[in-house]
Amino acid sequence: MSAVVTLRDVHKRFGDLEVLKGVSFEVAKGEVVAVIGRSGSGKSTALRCVNRLETIQSGSIEVCGHRVDSPDLNLRALRQDVGMVFQSYNLFPHLTVEQNITLAPRRVRKIRGAEARDLARGALERVGLADKIQAYPEQLSGGQQQRVAIARSLAMNPQVMLFDEVTSALDPHLTGEVLKVMESLARGGMTMIVVTHEMAFARRVASRIVFMHLGKVWETGPGEMLTAPRTEELRDFLSNEL
Ligand code: ADP
Ligand code: MG
């Protein structure tokens, strides 16, 4: 089994507050892991540790062969392998969709002109927005802007994608189009960790669910665990989500 992401006994503290209390899980190539749990349970922190947006106190994290917890980590190489999409899409308002998408590749890979345009178009096709390449963010709906943010990540050709509640800021009628894009990425074999409150999506798309509670992986299993929770805590969580 080739694990793309491995967390082993990860502990993370903010001052006196221990937020991750020995978190362990693995994500194999092509797997989609949905991370669910109450607000404050440590989901975002765990994801941010994977991308070294946070450092950890103990344990180990390995991502695409990078020892993320090592002082020798090549941060740039890690960030090239790991794409991350947040709730707020943070597109530059004064740049076109194409310019937003090609900003990082231009800087990192020194590509220009037609090559940059092809890269943007290819990424936009994967999110169903090839016709918006010359648009400005304000001309797009929230759902379309989030799809552009996903395309921007894809343009870096990541090995794994991290999604942190990417539909939480969207109106319900715009949520579906973003989830559809994520589902098609998953079907295409992308390795993904998805923090989400969309339980139907988690059940349908995820290879595995990780339920976090009080900074721990409380329960983990296939999608069916959502219909047959083993712990009181997961049962409570699910009854409040529905
Ligand atoms: P979730 O994403 O599951 O809602 P988070 O990982 O965002 O949870 O937060 C877990 C806990 O860590 C919360 O109690 C939160 O207040 C705390 N926390 C998160 N980030 C920081 C930070 N930068 N400084 C201090 N506390 C933080
Ligand atoms: Mg969060």
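1. Keep in mind that the model is predicted.

2. Which elements supply the shell?

3. Now look at strand S3, residues 32-36. Is S3 mostly covered or mostly open? It is mostly covered: five of its five residues are buried. Here, buried means that 20 or more other C-beta atoms lie within 10 Å of the residue's own.

4. Take the two faces of S3 in turn. Val32, Ala34 and Ile36 are buried on one side. Val33 and Val35 are buried on the other.

5. Which strands pair with S3? One is S8, residues 191-195, which runs parallel to S3 and is joined to it by four bridges. Within this pairing, valine 32 stands opposite methionine 192.

6. The other partner is S9, residues 208-213. S3 and S9 also pair in the parallel sense, over four bridges. In S9, arginine 208 is the bridge partner of valine 33.

7. Step back to the whole protein. It has eight helices and 10 strands. Its radius of gyration is 18 Å, close to the 18 Å that the globule rule gives for 242 residues, so the protein is as compact as a globular protein of that length. The C-alpha trace spans about 55 × 45 × 35 Å along the principal axes.

8. How much of the protein is buried? Buried residues make up 40% of the 242 residues. Contacts with a separation of 6 or more tell a further story: 62% of them join residues 24 or more positions apart.

9. Last, the record. An unreviewed UniProt entry carries the annotation "domain: ABC transporter" for residues 5-239. In the model, that span is 37% helix and 26% strand. The C-alpha atoms at its ends lie 30 Å apart.

Note on methods. Residues are numbered from 1 along each chain as its sequence is written. Chains are lettered from A and ligands numbered from 1 in the order in which they are written. This is a predicted model: local features need pLDDT of at least 70, side-chain atom pairs count only at pLDDT 80 or more; totals for chains, interfaces and linings use all residues. The radius of gyration is taken over C-alpha atoms; the globule rule is 2.2 Å times the number of residues to the power 0.38. A residue is buried if 20 or more other C-beta atoms lie within 10 Å of its own, exposed if 12 or fewer, and partly exposed in between; C-beta atoms are placed from the backbone. Two residues are in contact if their C-beta atoms, placed from the backbone, lie within 7 Å. Two strands pair if DSSP finds at least two bridges between them. UniProt positions are given in the numbering used here, feature names are shortened, and annotations may be inferred rather than shown by experiment.
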